[in-house]
Amino acid sequence: MPAMLASPAAILAGLALVVALVFQLEKRRGLAPLFARLPPVFWVYALPMLAATAGIFPNASPLYGALTRHLLPASLALILL
């Protein structure tokens, strides 16, 4: 079964939506205990994995390699700061 989001632009938009949604939900007081136990970085990592398992995101895409090469090192440097 093909994934719901197949084009690289749609995948990138979906990933950006997940990140934005997680960080908006973190600001809600009612969800503070959840984010105290599992930080937003966990959710940003876990939710796309679950979406890929559910068939929303594809398991493999050329976009993933580009993100790993370019965005991941910059993100890791920002986290370390």
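**Notebook: pocket, fold and surface patch**

I looked up which element contributes most to the lining of the largest pocket: helix 4 does, with nine residues. The model I am reading is predicted.

I then noted the pocket itself. Its volume is about 900 Å³, and 21 residues line this largest pocket. Nearest its centre I found Val19, Val44, Tyr45, Leu71 and Leu72. Helix 1, helix 3 and helix 4 are the elements that each give two or more residues to that lining.

Next I checked the confidence. The mean pLDDT of the chain is 93, and 100% of the residues reach at least 70. Helix 4, residues 62-80, has the lowest confidence in the chain, at a mean of 91. Helix 1, residues 8-26, has the highest, at 96. I recorded that helix 4, which has this lowest mean, also gives the most to the pocket lining.

For the overall fold I counted four helices and zero strands, in the order α-α-α-α along the sequence. The C-alpha atoms fill a box of roughly 35 × 30 × 15 Å along the principal axes. Of the 81 residues, 21% count as buried.

Last, I turned to the surface. Which residues form a nonpolar patch there? I found Leu34, Leu38 and Phe42, with about 230 Å² of accessible area together. Leu38 sits in the loop between helix 2 (32-37) and helix 3 (40-54).

Note on methods. Residues numbered from 1 in each chain as written. Predicted model: local features only at pLDDT ≥ 70, side-chain atom pairs only at ≥ 80, totals over all residues. Heavy atoms only, no water. Patch = residues over 30% accessible without salt bridge, like charges linked within 9 Å, V, L, I, M, F, W, Y side chains within 5 Å. Areas by Shrake-Rupley, 256 points an atom, 1.4 Å probe, with all protein chains shown as cover. Salt bridge = Lys/Arg side-chain N within 4 Å of Asp/Glu carboxyl O. pLDDT = per-residue confidence, 0-100. 1 Å grid on protein atoms, 1.4 Å probe; cavity = no way out; pocket = protein on both sides within 12 Å on 5 of 7 lines; lining within 4 Å. Points joined across faces, edges and corners; volume = space filled by probe spheres on them. Buried < 20%, exposed > 50% of the residue type's maximum accessible area, 1.4 Å probe, protein only.
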